[in-house]
Structures are given as structure tokens and as C-alpha cells.
Amino acid sequence: MSKFSDLTRLPDTRGHFGPYGGRFVSETLSFALDELEKTYLSLRDDPDFQAEFDYDLAHYVGRPSPLYHAERWSKQLGGAQVWLKREDLNHTGAHKVNNTIGQALLAKMSGKPRVIAETGAGQHGVATATVAARLGLACEVYMGAEDVERQKLNVYRMRLLGATVIPVTSGTRTLKDAMNEALRDWVTNVDDTFYIIGTVAGPHPYPMLVRDFNAVVGREARRQSLEEFGKLPDALIACVGGGSNAMGLFYPFVEDDEVAMYGVEAGGDGVDTGRHAAPLASNAPRGVLHGNRTYLMSDEGGQVSDTHSISAGLDYPGVGPEHALWKDVGRVNYVAANDDAVLEAFRELTRVEGIMPALESAHALAHAKVLAPTMRPDQHIVVNLSGRGDKDIMTVAKIDGLEF
Amino acid sequence: MNRIDRRFAELKAQGRRALIPYITAGDPAPQYTVGFLHALVAAGADVLELGVPFSDPMADGPVIQKACERALRHNVRLSQLFEMVREFRQTDRDTPIVLMGYLNPVERIGLEAFADQAADAGIDGVLTVDMPPEEADEFGPILKARGLASIFLVAPTTSRERAATICAHGEGYLYYVALKGVTGAATLNADDVASHLAPLRGLTDLPLCVGFGIRDGASAAEVGKVADGVIVGSALVGRIAEHAEHPETIAGELSAVLAEMRQALDALPPR
């Protein structure tokens, strides 16, 4: 019996993962969250709902995504076999669509004609705009003004899909501020609007339902591992911003004690410089933001800290509450990868395997470069290649001194 | 008896409605806050709500967001805010003060340490915007043990069942949020407010105070017809923003806004 079997019974009825999670929102939203929770719990085990979700994942997203053996890169690293879970091949180019398909179905069932979302790198915004287009829902996406600037391509993609992108100029003008603004919108338009949160954070029931919708990644990886190399992986690696792709990969393995797990946060200039976005790896204090209690980067006065990362999608001062608990109980090792190591991994995978990863996913790859050489060639690592790097070409070009 | 309860008992005996202004501590700079509080009392405030600046005020509209930003430019912290209240208390021992803000700055210094310091400074109640009663199991008793009232919000979307829970936990007064939205949003609908307050009367004896969307004497009077008190925030904070370059004029501006509301409320027939 797994020493971690209790972890699969969470959250409790009030949305708590041990001391984390919960529902810390202003009163106006309580009703909408109660309603969402009721809707989701009634549909979660409904065979028709699951069948529709599975059908969309297969025929619209293109699942299952392959588990690819990066043979050449593994050889070069000189240790364990590295396998890539190819979420980058999903429709819209990242794992984010698994969740937006699920939440869009909930929006449809709730009869709400308008959806809103927050986005950092733009992947969740694109995935939301995509499902909104398909279901004929009005869609507005909040995006930090700084991210609008560094992710122009995704901004235009969202506009082509019919969404309105609203640049957020308050606070630090990044993901956390986009989420504040989306919550303000929701509180104002709660009657006709469904808020599609993009990560395993936010108030209960979001961390639970975003986890459940993304867990298809881990279920597939588990089955594919058994098929491809006849056993469970020795280690899993995924990047962690809010933590949805990591949660999706890890969750179906949580009771498999022999599977080591590594969540890789954005180390920015280095965890010791203060310029990073790694609340878990830096042991940030416990705090409350965006409806849940978690590890949260804040100063001594409780003001939320500015974060820094080369990747907009990880540039967030908090982290999903379930990850916070998994750190405390020792189920997952949370580490950080610095910007320079991330860029190196980005270039390396592109050149060695012909696969251009998103800068977010390159954090996981950077840790694979550290971990694989410490392991034997008959051991296996599954890395969640959570998204493709097309959106980051401009960012990398700028670092190379090129402008288009 | 807590100062808040005492104040509402006095008001009830006089048949008057409470006028409750909100300002953000440290806006536009920390040295002005105590003076503003005294000016508000002189203009007719019955209870004072003092905002704790926060980097991510997700329930607030742009007016109070900017107030937080102005205050945080001076790095205003809870320790300073307690000093402001202590200074205020040197000359005003009667007007209740309620801290209004978000949970994170409180948790960062620790619930017990916060409650000790708040009570010691002369604070009377705490309204934590992002802490509904379901999450207050730990904090509520800590506040109560020090005589601090836990004040909760009720919204137009609150179900009757939830309202009963909130009423059971609430102390001091109930803060009814008059509209779906953030602070400083559109004008409220007084009939709508009346229809929501009526069922709450059956659930609690707490005074029912209404905030969000009250901007002048007329809107205060509309709400005053059905509520035990009116709360005004953004209309005042907007004046602070307009005159931030000339802080010496702000106290007069705040007094003018509040005095008009006081007059409008006192012109209503006694409750």
C-alpha cells in the first residue's frame, strides 16, 4: 500500500488540501463557486459527460498524445532514457486545451453565453478562445500588458479566433494582475459569465477540476510507459508555474511510491537573487492570493512580490495548493531552473531532436539534463513537453539580437 | 461593550442612521491619515473604516486600487497603521475603527500577533474581504478573544442559507454589498437593496449597513430609508486622488462630501 494513498482523497469538502487551498473570495463569488462545484460534482461521474469530454479530446484535440523516446538526446546526456510526453502536439499547441475543453463543457451545461480567462504566455488564452469559437461563446481574455508585448503572436491568434484581449495595466502587469482583473470581471458579470481558470489555482473547486481535466496526460503516460518499456517510469519531470501540466502528469502516479517526481519552477536569474518565480523551491512563506492558501512570494508586509522569468507562463508568485501539500509531505521534489539553463535546454532539444519546446516546458528539460546523467541507461524519465515553442521564437530571437 | 455596539446602540436610541466612511491608510502619504480620520469624524462619521493597502486588491475597482498603489509607494505596513490608530485614539476614544483589507498582510505577521496589536492600538473590528465565514474558523475566535468584532459581507448573490451562516458568525454590523461588482462601480438600485435587506432582518439583529455605489447625499438618503447605515468609500478616495498633489486641501474635500451625506441622512424621518 502506498504511503501516499491519502493524497488521492483530496480536496476535502471545503476544498482544502491539508492547510492549503480553500475558498478565499469576496462574498459575491461564493454563490457562483457553490454552483460550479455542484455542477461539476454532478457531472464528474456522469457517463454522458465523460463520453463527450473523451470524444472531444480524441477528435478535436488529437489525443492520445505520443510518448516519444528522445533517443539521441538520451544518448548525449549519457544516463537514463528520456521520454517526452508530447502535449506540444495537441491542437493549439499545449496541454492547456485539455482543461478548456472540460470547462467549456461545464460552461455549456451552465447555459452561460460568455466566458472569460486570464492568460500569461497566451496559451491558456488561445485554448479558451478556441473552445469559445467552437461553441459560439463570447470570449474576453485578460492579459498583463507586459505579456501582451512579449507574446504578440498569441495575442493576434486570440483576436483571429474572435476573442477580445484586454491588456491589464495594474500592478506588475503580468499573470497575477490578469487574474485579479478576471476576478473583478467575474464578480461584476457573474450572472452570465463562466470564468475558465487556466491552472490548478484559484478558489475551490478550480484546483480540483483543472487537475481532473488534465489528469488525462498522466493516465496516458502511465499506460504508454507500460507499453513502451514495460514498467512505470523511474522519474517524472514537469515545469510548475501554477502547476496544471505537472498536476496532470503527476496525479495518476501519486500512489506509485517508486515513481520519483520533480516539479521545476522558474529560477529566473537564480533563486538566491530574489529575481525568480519559484515559491516552492525558495520556501516562500504561506499566503493567500486569488482565492486559495498556498506558498506565496510576498514581502514582510504581506505584499505580493514581483516575479521574474524568461517564460510568461511561469511568471506567477503563487502555485496550486495541491503542489504546496505535495511539497510538505515529500511526494514531489520541487526544484528551479534558471533562465540561462532553460535557454540552453530549449536550443539543445531543438537541435538534437528537431522539437522546439515552449520556454515553460524547457524548464522541465533543463532539469532532465541534470537528472538523466545521474541515472542508469535502463532507467526511464518521462518529461512533460507541455507546449510547443513557436510562440517563443520572438523572445529567443531578441536574446540573439535579432528583430523581425 | 465594544465601541461598535455602543455606537449603534446610541444611534438606535436617537433614531439615526450610521454614516461610515472608508479611506485607505497611507493615501496619499502616511502623515495625513490621522488628520483625515479626525476630519471625517468632525463631518459626521459614526464609524471609520480604515483600509489596509494591498498589492492585489481583487475586490476593488480602479479608484481603491490606485489608493493602494499610492500608499504602497510609501511602503505602508500594518505596524504603521497601528501607530496611526494609536495616535488617533489619543484624542478620540469613542469613534469605532474597523480595519478593512485582505488576508495576506494579516497572515504574514500571524493571526495572533495581528489581533494582539490591533486590539492594543484601539481597533474595534476587522473586515477581511477575502475571508468568508467558512474560512474563519481559526481567525474568528482569535479576534473574539480580544474583543475585536468580525464583520462580514453579504452580497446580492448570497443564498438564504449562506446568509444565515454569515449572520450567525457576524458581529458589529453586516456589510451589505449593494451591487454585483467591485468597489466604485455603477450606481446602486435602492429598491433592489430594500428587497434584499428585508429577509436579512429575519435572520439577525445586527445593524444592516450598505456599501458600494453610494456617492452623494441623494444616494445616501435613498439607502438610508431602508438601511441602518451607509458606507462610502470610492467617492471619498476619488477626492483624495484628485487632490493628491495638494494634500493640505484633502481634509476639507472629504468633510464636504461627508457633511452632505450626514445632512441627507439626518433629514430622513427617525428610524
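Me: Where in chain B is Asp60(B) found?
Reply: This is a predicted model, in which local features need pLDDT of at least 70 and side-chain atom pairs count only at pLDDT 80 or more, while totals for chains, interfaces and linings use all residues. Residues are numbered from 1 along each chain as its sequence is written, and chains are lettered from A and ligands numbered from 1 in the order in which they are written. Helices (H or I, at least four residues) and strands (E, at least two) are DSSP runs, numbered from the N terminus. On that numbering, Asp60(B) is found in the loop between E2 and H3 of chain B.

Me: Is Asp60(B) buried or exposed?
Reply: A residue is buried if 20 or more other C-beta atoms, placed from the backbone, lie within 10 Å of its own, exposed if 12 or fewer, and partly exposed in between. Asp60(B) has 26 other C-beta atoms within 10 Å, so the residue is buried.

Me: Which residues does UniProt list for "active site"?
Reply: The entry is unreviewed. UniProt positions are given in the numbering used here, feature names are shortened, and annotations may be inferred rather than shown by experiment. The residues listed in that record are Glu49(B) and Asp60(B).

Me: Which strand holds Glu49(B), and is Glu49(B) buried or exposed?
Reply: The strand covers residues 48-51 of chain B and is E2. Glu49(B) has 26 C-beta neighbours inside 10 Å, and therefore counts as buried.

Me: Which residues does Asp60(B) contact, leaving aside neighbours within four places in sequence?
Reply: Two residues are in contact if their C-beta atoms, placed from the backbone, lie within 7 Å. With those neighbours left aside, the contacts of Asp60(B) are Gln65(B), Val182(B) and Thr183(B).

Me: At what angle do H3(B) and H11(B) pack?
Reply: Axes are lines fitted to C-alpha atoms, for helices over the stretch in contact, and angles run from 0 to 180 degrees between N-to-C directions. Helix H3 (residues 62-73) and helix H11 (residues 234-242) of chain B have axes 9 Å apart, and the angle is about 50°.

Me: What does that angle make H3(B) relative to H11(B)?
Reply: Angles under 35 degrees count as roughly parallel, over 145 as roughly antiparallel, 65 to 115 as roughly perpendicular and the rest as oblique. The angle of about 50° therefore makes H3(B) relative to H11(B) oblique.

Me: How many residues of chain B are in contact with chain A?
Reply: On the chain A side, 31 residues take part. The number for chain B is 32.
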